[in-house]
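Good morning, colleagues. Please take a moment to look at the structure on the screen, and I shall then walk through several of its local features.

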Amino acid sequence: MSYLYPHHTLVGYVLIKKIRILNANAISSPLTYGFPAISGFIGSVHALSRKISQQDGLENVRLDGVLIASHHCQVQRYRESKLTDFSFIQTRNPILKSGKTASIVEEGRCHLVVSLVVGVYSDNPFGLMDEQRDALLKHIEQLIQQQRIAGGSVVGLHRQQAVEYVKSADVDTFKHKLLPAFVLMEAQQELHDITAQLQAHHPAATALDALIETAILHHIPLQHGNETSWHIETVKRGRGWIVPIPLGFQGISPQFAPYEMTNCRNPEYPSQYVEAIYGLGRWQFPHRIDNLAQALWYQRHIVEQDLYIFTQNRAY
């Protein structure tokens with residue numbers, strides 16, 4: 001059963017192999033950049049699901065949940081030397097009638113190669129018929145190349161059997177097909193452990209301090225007689241490849257009725273002011289994940305707490 005589609009049952013998974021994306025949004029939140037936000041992939045899957053449900057014979061099929069496996073990520077950035085900061089490479093916009101350069105909002109872009117594993121849901125608990133499965137694979141391969149993913153343009157898929165389907169019990173057969181790649185996983189337990197580690201020395205430390213600490217390298221001098229060497233310490237040591245990531249949004253205002261908020265992107269829907277929620281993620285090899293079904297990200301709305309979050313806990 002899906003959170004978004006409570007009357008549908010998980011019947012299988014679809015693997016979309018090596019999607020090449022140009023100029024995806026590399027600014028994932030007000031504080032993080034480098035790889036697109038999870039919301040960019042979840043939103044693309046939701047848009048794809050709505051298109052799939054409009055196809056003949058697939059009216060009862062829905063898509064929910066997405067595993068994100070990154071094969072390649074090239075951030076469009078530049079720096080003059082190792083001693084200077086990076087800056088995003090910007091596009092050149094047309095000049096104004098006056099001949100002056102038009103002001104722009106700075107954008108961060110990246111080129112990606114990713115594979116996605118998406119959950120397939122149906123109101124028929126016995127699964128898809130052969131005709132439905134073939135139609136689903138055909139339409140996904142066509143439609144995924146006609147929409148944007150994380151703000152970027154899809155320019156190609158894997159040349160051979162770009163889209164594959166397996167029953168829900170066989171999802172782990174996709175593991176070797178994701179290699180070589182890193183899969184984005186939640187690492188909230190590590191955030192709790194790092195917070196506790198900091199609080200052992202600084203009782204006032206918070207989870208935000210722990211999050212900032214993951215981006216810090218401590219250069220410690222070591223004296224050996226008349227010689228000095230430097231030792232680098234980080235709380236990430238021994239914890240794998242962990243990174244700060246945005247995990248959703250927290251409402252900071254009442255919810256406004258449709259057409260009540262001005263200059264809203266979609267005025268026909270309720271709107272609300274929110275701020276980003278942060279946590280830790282881990283890039284992990286597929287073969288180190290016990291069950292790939294645990295690696296799919298889902299969107300959740302907790303009304304009582306005004307939370308819009310992304311989680312890998314399907315039963316949240």
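**Surface, helix and backbone**

Ile-27, Tyr-33 and Phe-86 together make a nonpolar surface patch of about 260 Å². Please bear in mind that this is a predicted model. Of these residues, Phe-86 sits in the loop that runs between strand 3 (77–78) and strand 4 (87–88). Its relative accessibility is 37%, so Phe-86 counts as partly exposed.

Let us turn to helix 4, residues 188–199. With 12 residues at 1.5 Å each, helix 4 should span 16 Å, and the 17 Å between its end C-alpha atoms agrees with that. Which residues of helix 4 are buried? They are Glu-190, Leu-191, Ile-194, Thr-195 and Leu-198. Because they cover an arc of only 140° around the axis, they lie on the same side of helix 4. The partners against which these buried residues pack are helix 5 (207–213), strand 12 (241–251) and strand 13 (274–284).

I close with the backbone. Most residues other than glycine have a negative phi, and most peptide bonds are trans. Here, Leu-179 and Pro-180 are joined by a cis peptide bond, with omega about -10°. Pro-180 belongs to the loop between helix 3 (175–178) and strand 9 (182–186).

Ala-150, although not a glycine, has a positive phi of about 55°. This residue, Ala-150, is placed in the loop between strand 6 (148–149) and strand 7 (152–156). Asn-263, also not a glycine, has a positive phi of about 55°, and is located in the loop between strand 12 and strand 13. Are these two residues buried or exposed? Ala-150 counts as buried, at 10% relative accessibility, whereas Asn-263 is exposed, with a relative accessible area of 82%.

Note on methods: Residues numbered from 1 in each chain as written. Predicted model: local features only at pLDDT ≥ 70, side-chain atom pairs only at ≥ 80, totals over all residues. Heavy atoms only, no water. Helix = DSSP H or I, 4+ residues; strand = E, 2+ residues; numbered from the N terminus. Expected span 1.5 Å × (residues − 1). Buried < 20%, exposed > 50% of the residue type's maximum accessible area, 1.4 Å probe, protein only. Arc of directions from axis to C-beta. Contact = heavy atoms within 4.5 Å. Patch = residues over 30% accessible without salt bridge, like charges linked within 9 Å, V, L, I, M, F, W, Y side chains within 5 Å. Areas by Shrake-Rupley, 256 points an atom, 1.4 Å probe, with all protein chains shown as cover. Salt bridge = Lys/Arg side-chain N within 4 Å of Asp/Glu carboxyl O.
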